[in-house]
Amino acid sequence: DARLVPIASLGPGPVTVAGDFGLVCPVHFYGLPLLVREFLVRVDARSASYAFCVLDAGGFPGWAATQARRLGRRTGKRFDAVYNVVMPGNYIAMYDVRGGDARERVLGAARDDAARVAADVRNRAGRLPRTGSAFAALLYATFGRWFRRTCRGLDAKFVATDACTSCGACARVCPVRNVELGDGRPRWHHRCEQCFACIHWCPVAAIQIRGRPTAKRRRYHHPDVSLEDIASQQRQAP
């Protein structure tokens, strides 16, 4: 009985939440995505009765849980529960996506974990992980802060090959309207969130990253999610 509200669709202004409040987001370089960090800074959750956070990581979540808890306090309502669910990683700038049985095992375990999280949330459970380790802090200090500084300009290395059919899927799925078609090809405007939706939803795998062997790497998006689901999250045009 939840109402799903995509963060990107809310625009840049202040947000007030009441009742039960949940945040579900991926982990980017051992921390929260920029879009999520900025969202939590402008949320007023003082009227929320119960708050939870679910982090979707391709492996080790690093500093993200600690970051969420600290930013959650700034909303006026601390998270009562924070969870991590491991999903298939798809950051193909650095590694290939798991395929076959390995991917199915990860998805199967994730479905079980999600069911346990849902049961906890229904029961309004309080579950907080211990404060992040020194190792997690080091990973974030090394990689996460670099990512925060460079994230939105990393799309300068995105290119569309001659395989591009000008279908416009890349522009439709970008949550922050960073992609537009010009002369039938995608153009990126350096406000990228590095979610890679444009790359993974291209039906002909035409989008590559200069200097990376992405042409040889698999594309992946969750099997239960459609292009329309992703497109519906897009930030509204000004």
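**Close-up 1. Thr 161 sits in the loop that runs between β4 (158-160) and α5 (169-173).** What you see here is a predicted model, and that goes for each of the views below. With a relative accessibility of 28%, Thr 161 counts as partly exposed, because that label covers values between the 20% limit for buried and the 50% limit for exposed. Leaving aside residues up to four places away in sequence, Thr 161 touches Arg 185, Ala 206 and Gln 208. Take Ala 206: along the chain, Thr 161 and Ala 206 are 45 residues apart, yet their C-alpha atoms are separated by 5.3 Å.

**Close-up 2. Three strands make an open sheet in the order β1-β2-β3, paired in parallel.** Look at the two edges, where β1 (15-26) and β3 (81-86) stand. Each of these two has a single partner strand, so one side of β1 and one side of β3 go without a neighbour in the sheet. On average, neighbouring strands here are turned by 15 degrees against each other, ignoring direction.

**Close-up 3. Strand β2 (residues 43-57) runs parallel to β3, and the two pair over 6 bridges.**

**Close-up 4. Thr 66 is a residue of helix α2.** Is Thr 66 buried or exposed? Its relative accessible area is 7%, so Thr 66 is buried; the cut-off for that is under 20%. Setting aside residues up to four places away in sequence, Thr 66 touches Thr 131 and Gly 132.

**Close-up 5. Helix α1 (residues 34-41) is largely enclosed by the rest of the structure.** Why say so? Of the 8 residues in α1, 6 are buried. Here's who they are: Leu 34, Leu 35, Val 36, Arg 37, Phe 39 and Leu 40. And what covers the buried residues of α1? The cover includes strands β1 and β2, along with helices α2 and α4 (134-150).

Key. Residues are numbered from 1 along each chain as its sequence is written. This is a predicted model: local features need pLDDT of at least 70, side-chain atom pairs count only at pLDDT 80 or more; totals for chains, interfaces and linings use all residues. Side-chain values use heavy atoms; hydrogens and water are left out. Two strands pair if DSSP finds at least two bridges between them. Helices (H or I, at least four residues) and strands (E, at least two) are DSSP runs, numbered from the N terminus. Axes are lines fitted to C-alpha atoms, for helices over the stretch in contact, and angles run from 0 to 180 degrees between N-to-C directions. Buried means under 20% relative accessible area, exposed over 50%, partly exposed in between (1.4 Å probe, protein chains only). Contact means heavy atoms within 4.5 Å.
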